[in-house]
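Hi everyone, thanks for making time.

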Amino acid sequence: MSAANRSVSILGVTGSIGRSTIDVIEQVRARGGDVRVEAVTAGRNVAALADACRRLRPRFAAVADAGQLDEARTALAELNVEVGAGPSALEEAGARPADWVMSAIVGAAGLAPTMAAVRRGALIAIANKECLICAGPLMLKAAADSGAKLLPVDSEHNAIFQVLTHPARVERLTLTASGGPFRTWTREAMAAARPDQAVAHPNWSMGAKISVDSATLMNKGLELIEASYLFDTPEERIGVLIHPQSIVHSLVHYADGSVLAQLSAPDMRTPIAHALAWPDRVAVSTNRLDLAAISSLSFEEPNLERFPALGLARTALKAGPARVAALSAANEIAVEAFLSGQIGFLDISQIVEEAMATLEGTEAGLIAKTPSSFDEVAAVDRAARGAARRIAGRLAAA
Ligand SMILES: NC(=O)c1ccc[n+]([C@@H]2O[C@H](COP(=O)([O-])OP(=O)(O)OC[C@H]3O[C@@H](n4cnc5c(N)ncnc54)[C@H](OP(=O)(O)O)[C@@H]3O)[C@@H](O)[C@H]2O)c1
């Protein structure tokens, strides 16, 4: 089915990825495409949800907070859209019969609605890496059972997906990373970094959580895990290269010495359009690449002493899916604590490291085994968040 005639749903329509997805859909519609929108969701931003509904005309709109049902109904009253609120409404948005679903809620909160779409065999554009990371093997098994196809939207994974022509002949993968806003900062300078500095990414305009993750390099650690799951590749065969220009989005190294890369200007509308049109392509106006103007591309090894989060993610990936889920959950709590001004920037990685060490002692059985159900994933997630909250509280009080 061509992208021009797809029905779509957007989980997280009010976020950075959600807004870029609206732009791509509007462009496809402006060129004559009949993209119908089944469902959209937001967290708490009802005004932005109403704006998205005005532009997209979905059949169903949901907010995460059950207490906002009346507010959402009032805001959407003129639009002839069914309105829901709370966790079951988010799941309904994923379960509704759209051909293609953009999974762009931030954090593990996106797991249940994304799984509702996975279970019914939809095409899933995966931007929300945390939901894949917290339940990777279970999600991949459910997708294999239902026939759902996961289309990577993270620019690095989308790049690999585009150039992965011979999976059996791959030697290794290289993920590129901009290095974030603190690429050249000393540890001493980073210790005093403020939230507004951490979210000021040099190349990408993104939500607050992923921007902080990019500053700690935890984002690259989470992407390493995401790549390992999506492309069935072990940790030791996935490298990371700092590439400050964010033009080469990732590389696949083949057994004959060939290295294939995907290049584009840093503009998320390109991977979103690729996922929307897959296996076709659509014409979309995005920032275009001008290599002569850029003139040179540079690459360097990441510094694991200044950015320990990447090493923590590698360790968790080697140790198994429950540790990976715990790492991501602890990181969500640490990033929230940093963004709300309770802790310093360097405390983020410290909290994750300490939370993992705590769980090795108190929850050894839980995190040693691969979760066999979503209830077990939830138990790991709760334990990790609890440990991280306690450590964050201690650091905030210090
Ligand atoms: N931005 C990028 O360029 C980029 C690139 C690659 C991957 N990603 C990934 O894509 C995901 C979204 O990133 P983003 O930058 O678009 O984030 P964002 O701008 O913060 O948007 C997050 C979206 O999730 C919603 N949301 C927040 N908390 C929620 C909850 N508890 N329950 C349900 N919905 C909730 C938000 O709603 P409200 O607006 O109402 O709060 C918003 O729609 C992340 O996993 C990120 O790692 C993003």
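Let me begin with a definition: rings of Phe, Tyr and Trp (its six-membered ring) pair if their centres lie within 6.5 Å, and planes under 30 degrees apart count as stacked, over 60 as edge-to-face and the rest as tilted. Before I use that, a word on the source: this is a predicted model, where local features need pLDDT of at least 70 and side-chain atom pairs count only at pLDDT 80 or more, while totals for chains, interfaces and linings use all residues. Residues are numbered from 1 along each chain as its sequence is written, and side-chain values use heavy atoms, with hydrogens and water left out.

Now, the rings. How many aromatic pairs does a search of the whole structure find? The search gives 4. One of them joins Phe182 and Trp185, a tilted pair with 4.2 Å centre to centre and 40 degrees between the planes. Another is Phe338 with Phe345, which is edge-to-face at 5.6 Å centre to centre and 70 degrees between the planes. And here is the part I like to show on screen: Phe182, Trp185, Phe338 and Phe345 form one aromatic cluster.

Phe182 has 1% relative accessibility, so it counts as buried. Phe338 is also at 1% and therefore buried, and Phe345 is buried with a relative accessible area of 3%. Trp185, with 24%, is partly exposed.

Let's move to the ligand. A residue is near a molecule if one of its heavy atoms lies within 4 Å of it. By that rule 25 residues surround the ligand, and the closest are Thr14, Gly43, Asn45, Glu130 and Gly207. What is the make-up of that shell? The residues divide into 13 nonpolar, 8 polar and 4 charged.

Next, the polar contacts, meaning pairs of N or O atoms within 3.5 Å. A backbone N or O atom of Ser16 lies 2.9 Å from an oxygen atom of the ligand. A polar backbone atom of Gly43 is 2.8 Å from a ligand oxygen, and for a polar backbone atom of Gly207 the distance to a ligand oxygen is 2.8 Å. On its own the ligand has 900 Å² of accessible area, and the protein covers 83% of it; these areas come from the Shrake-Rupley method with a 1.4 Å probe. Which elements give two or more residues to the shell? They are α1 and α6, the latter spanning 129–146. Helices here are DSSP runs of H or I with at least four residues, strands are E runs of at least two, and both are numbered from the N terminus.

Ser20 is buried because its relative accessibility is 18%, while Thr21 is buried with a relative accessible area of 1%. Contact means heavy atoms within 4.5 Å. Leaving aside neighbours within four places in sequence, Ser20 is in contact with Arg269 and Ile272. Thr21, with residues up to four places away not counted, touches Ile10, Trp100, Met102 and Ile272.

Finally, some backbone details for those of you who check torsions. The peptide bond from Trp278 to Pro279 is cis, with omega near 5 degrees, and Pro279 lies in the loop between α12 (269–277) and α13 (291–294). Leu217 is a residue other than glycine with a positive phi, near 75 degrees. You'll find Leu217 in the loop between α10 (208–216) and α11 (218–230), and at 4% relative accessibility it counts as buried. Ser246, not a glycine either, has a positive phi of about 50 degrees. Its place is in the loop between β9 (238–242) and β10 (248–254), and Ser246 counts as buried at 6% relative accessibility.

That's my tour, and I'm happy to take questions.

Conventions:
Buried means under 20% relative accessible area, exposed over 50%, partly exposed in between (1.4 Å probe, protein chains only). A polar contact is a pair of N or O atoms within 3.5 Å; within protein, one must be able to donate a hydrogen and the other to accept it, and residues adjacent in sequence count only if both atoms are side-chain atoms. Ala, Val, Leu, Ile, Met, Phe, Trp, Tyr, Cys and Pro count as nonpolar, Asp, Glu, Lys and Arg as charged, and the others, Gly among them, as polar.
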